[in-house]
There are 2 protein chains.
Amino acid sequence: MKRTVSDETKTKIGEKVLLKGWLHTLRLLGNINFLILRDRGGLIQIVVEEGNELDKVKDLQPGSILQIEGEVKEAKQTDLGMEIIAPTIKVLEKIKEPPPVEFSKSEIKANFDTILNHRSVTLRNIKQQAIFKVQAAVKEGFRKHMSANDFIEFSSPKILAEASEGGTEVFEFDYFHEKKAFLAQSPQFYKQIMVGVFERVFEIGPVFRAEKSNTSRHMSEYISLDAEMGFIDNWSEIIELIDGTIKAIIGHVWETKEEELKLLGATKPKTKKETPVMKIEEIHEIYFKETGKDTRGEPDLEPEEEKFICEYSAKNFDSDLVFATHYPWSKRPFYTRRSDENPKETYSTDLLFRGVEIVTGGQRENRYNILLEQAEEKKVDIKKIEGYLESFKHGMPAEGGFGMGSERVTQKIIGLSNVKEATLFPRDIDRLTP
Amino acid sequence: MKRTVSDETKTKIGEKVLLKGWLHTLRLLGNINFLILRDRGGLIQIVVEEGNELDKVKDLQPGSILQIEGEVKEAKQTDLGMEIIAPTIKVLEKIKEPPPVEFSKSEIKANFDTILNHRSVTLRNIKQQAIFKVQAAVKEGFRKHMSANDFIEFSSPKILAEASEGGTEVFEFDYFHEKKAFLAQSPQFYKQIMVGVFERVFEIGPVFRAEKSNTSRHMSEYISLDAEMGFIDNWSEIIELIDGTIKAIIGHVWETKEEELKLLGATKPKTKKETPVMKIEEIHEIYFKETGKDTRGEPDLEPEEEKFICEYSAKNFDSDLVFATHYPWSKRPFYTRRSDENPKETYSTDLLFRGVEIVTGGQRENRYNILLEQAEEKKVDIKKIEGYLESFKHGMPAEGGFGMGSERVTQKIIGLSNVKEATLFPRDIDRLTP
């Protein structure tokens with residue numbers, strides 16, 4: 001008999017089916033006993049009344065691999081709406097050792113470090129699984145939106161001869177012939193080079209940051225969703241691109257992962273047709289007026305201020321998304337396009353969502369001579385970025401783009417408190433396993 | 001006026017359009033002059049007759065950024081079937097410096113090292129672009145096939161506490177607190193862990209190999225297409241999975257990239273409904289019989305032998321694809337499933353295509369105790385892989401999977417001689433830039 005996956009039983013009421021999966025839980029009530037089987041379709045209840053069949057499983061621990069033949073019966077009280085009766089059970093793998101953490105309960109009662117230490121089995125928890133099904137949909141939503149808009153997928157190298165954006169937060173190692181190499185902190189230079197080739201490109205890939213602190217926001221490694229486009233008339237096209245992309249992702253996740261979002265208690269973000277756009281300066285002013293704290297003149301938004309302006313936007317504009325724009329030149333990298341109106345400001349933006357920045361982007365400087373001047377002003381060694389500069393020397397249109405961490409987007413869409421909860425195998429200053 | 005991309009002109013005959021792109025070439029013939037513009041839609045010819053307009057561009061080098069308004073006219077002799085007449089040209093970026101390599105010709109006349117040294121501009125060559133459009137379709141075809149078969153996308157960490165498969169070909173660096181870290185050579189352990197979670201998973205991501213030689217086959221970094229599935233009845237299901245996947249990729253590429261394949265002179269691979277499957281031993285026998293070279297008893301196929309058996313398969317079975325199976329236990333990693341019939345053999349396979357191995361896969365040992373024994377036999381330090389072993393300790397179904405390099409698949413589909421030609425920014429023992 002061909003295997004049936006649990007959620008396919010819906011169309012097989014009254015039929016005999018063959019299921020295979022993991023023993024998830026066993027509730028022994030005496031006369032009637034319930035075995036819950038887990039497979040890629042979810043959980044399904046098996047009613048075990050017959051003594052012989054019960055004997056096969058009653059001493060088994062969760063994780064045991066079972067094959068079950070039985071009849072599908074409607075059962076409104078169960079999650080799937082189905083159960084299996086009159087089963088014949090075959091034990092394919094007997095597991096006798098109890099799991100290190102009780103992952104079969106709806107919530108795992110253990111601290112987060114313990115959950116991560118035993119990731120191989122704690123991921124078998126249904127809520128944990130739901131998080132990473134949502135994350136797969138985040139990537140899929142991103143990719144679909146990019147493809148629909150004529151962006152071509154590419155892959156940039158992760159081993160570089162120079163740190164991509166300078167700074168100290170970079171992993172360094174010996175390459176061959178005693179050369180030094182660095183892990184890419186961003187695909188920035190490569191996606192700009194690729195604008196010179198394909199105009200519109202995107203990448204989904206890991207980036208590496210030797211962040212020297214262990215917080216709920218930072219990791220040594222994450223998956224960045226990057227896009228870059230050429231031939232823009234105005235940098236507001238970059239804002240539109242970001243806005244369209246994040247809404248496409250949210251839309252796709254809610255269309256395809258309804259059940260998982262419900263299980264996780266996620267609430268759909270409030271969005272407006274046009275997401276509010278506020279200048280950094282304006283945000284400082286409002287923050288000062290409402291809280292008395294004076295950040296005017298600060299080049300960046302404080303974490304407190306990001307939180308504040310998100311709440312402000314939700315309350316006043318009914319939008320969980322808000323763009324902060326025109327970050328000062330002093331705080332942005334050399335390739336950022338300066339504002340024509342005020343050279344102290346840049347055509348750059350962060351998209352803030354439920355209290356934190358989730359996207360950074362903006363227009364880049366595409367004019368070769370100005371780019372060189374800006375690199376010099378920021379003390380970038382232009383010898384070390386010749387391969388990048390060559391793109392501009394031989395013609396680059398007005399262009400811009402953005403990057404966002406898939407884990408942080410997943411975290412905020414669901415409403416998790418720590419970005420590591422949205423990471424299968426997180427890496428930080430204290431964690432390198434499993 | 002809204003911008004029109006060159007290949008959209010087909011539906012706008014007789015209309016006025018606004019184009020933007022790179023000056024690709026200029027042919028000055030006196031009375032009549034042809035300007036070729038490049039944009040993401042391809043190349044389009046502009047007929048420049050008027051002296052004023054010609055003056056704007058006649059001293060410009062390829063790469064200059066132009067905006068052109070003109071009328072669309074049918075022109076059967078051009079590639080697009082369209083040309084633009086009566087143009088008004090605006091130069092957005094003047095490029096005066098000639099390119100380091102003449103990328104506008106149909107073939108770049110330079111050695112491959114020079115092409116790679118100037119990758120930012122040589123990728124603007126139309127044939128070079130076609131290679132990477134095909135590569136994007138390889139990834140898309142893989143992903144579509146996986147999703148259609150219920151595989152969930154996931155991302156494994158690339159920074160590991162231990163080398164994934166042991167061996168010396170691994171990049172090592174200092175992590176935090178003087179810990180050592182290694183770059184992942186494969187997502188192997190993680191995709192197996194994830195079988196315990198989702199049953200069927202796939203990943204597209206970089207892997208890193210410190211290969212100490214610079215050949216046309218090896219690189220320090222490539223993009224691996226990985227998949228793994230649980231609850232198989234028999235390891236022939238893994239062969240079917242690989243077979244279905246490679247044919248889905250080839251099919252998708254030929255469906256979506258016809259023009260690029262034609263430009264590259266690629267010929268569609270010959271495939272059969274069922275790809276031939278041959279045991280390693282059988283291949284050695286045939287090789288001996290036909291060439292007189294005795295490799296019987298060798299644990300692996302020599303590169304020469306891979307080439308031979310591919311030609312043999314094409315000739316005798318009319319298939320460019322051929323599976324080699326039952327590699328000896330002595331040559332395969334500890335997690336490989338040994339054959340029930342002969343413990344010296346394994347349920348492992350390589351898919352060979354046009355002379356080389358492009359996929360490695362097979363069934364894995366899922367029984368915890370036997371897995372431990374095998375690890376011991378291969379002298380693997382089981383303390384170092386506890387997070388992996390925990391999956392098996394708590395129940396893993398019969399399972400298997402495969403991995404393939406997206407660059408090598410692209411190379412062989414097109415028929416390129418060097419895998420680096422199918423890599424945007426290759427890394428090897430001698431190359432770390434651009």
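Predicted model: local features only at pLDDT ≥ 70, side-chain atom pairs only at ≥ 80, totals over all residues.
Next comes the interface itself. Its size is often given as the accessible area lost when the parts come together. Here chain A and chain B bury about 7,700 Å² between them, and carbon and sulfur atoms carry 60% of that. A:Arg40, A:His394 and A:Leu432 put in 10% of the area that chain A buries against chain B, more than any other three residues. The contact draws 92 residues from chain A and 93 residues from chain B. The copies meet through the same surface, because 100% of the interface residues of chain A are also interface residues in chain B.

Now for the helix packing inside chain A. Two packed helices are described by the angle between their axes and the distance between the axes. Helix α4 (residues 126-148) of chain A turns up in two of the pairs described here. With helix α12 (residues 406-414) of chain A, α4(A) makes an angle of about 120°, the axes being 9 Å apart. Angles over 145 degrees count as roughly antiparallel and 65 to 115 as roughly perpendicular, so α4(A) is oblique to α12(A). The crossing is right-handed. On the α4(A) side, the contact uses A:Ile131, A:Val134, A:Gln135, A:Val138 and A:Lys139; α12(A) answers with A:Ser406, A:Glu407, A:Val409, A:Thr410, A:Ile413 and A:Ile414. Sorted by class, the contact of α4(A) with α12(A) comes to six nonpolar, three polar and two charged residues.

The other partner of α4(A) is helix α6 (residues 236-256) of chain A, at about 135° and with 8 Å between the axes. These two helices are therefore oblique to each other as well, and α4(A) and α6(A) also cross in the right-handed sense. From α4(A), the contact takes in A:Val134, A:Ala137, A:Val138, A:Glu140, A:Gly141, A:Phe142, A:Lys144, A:His145 and A:Met146. From α6(A) come A:Leu241, A:Gly244, A:Thr245, A:Ala248, A:Ile249, A:His252, A:Val253 and A:Thr256. The class count for α4(A) with α6(A) is nine nonpolar, six polar and two charged.

A:Tyr368, A:Leu371 and A:Leu372 of α10(A) touch A:Tyr388, A:Leu389, A:Phe392 and A:Lys393 of α11(A). That gives six nonpolar residues, no polar ones and one charged.

Most residues other than glycine have a negative phi, and most peptide bonds are trans. A:His177, in the loop between β8 (172-174) and β9 (180-183) of chain A, has a positive phi near 45°. A cis peptide bond links A:Thr433 to A:Pro434, with omega about -10°, and A:Pro434 belongs to the segment after α12 of chain A. In chain B, the bond from B:Thr433 to B:Pro434 is cis with omega near -5°; B:Pro434 lies in the segment after α12 (406-414) of that chain.

Notes
Residues numbered from 1 in each chain as written. Chains lettered and ligands numbered in written order. Heavy atoms only, no water. Axes fitted to C-alpha atoms, helices over the stretch in contact; angles between N-to-C directions. Helix = DSSP H or I, 4+ residues; strand = E, 2+ residues; numbered from the N terminus. Parallel < 35°, antiparallel > 145°, perpendicular 65-115°, else oblique. Left-handed = near helix turned anticlockwise from the far one by under 90°. Contact = heavy atoms within 4.5 Å. Nonpolar A, V, L, I, M, F, W, Y, C, P; charged D, E, K, R; others polar. Buried area = accessible area lost by both parts, 1.4 Å probe.
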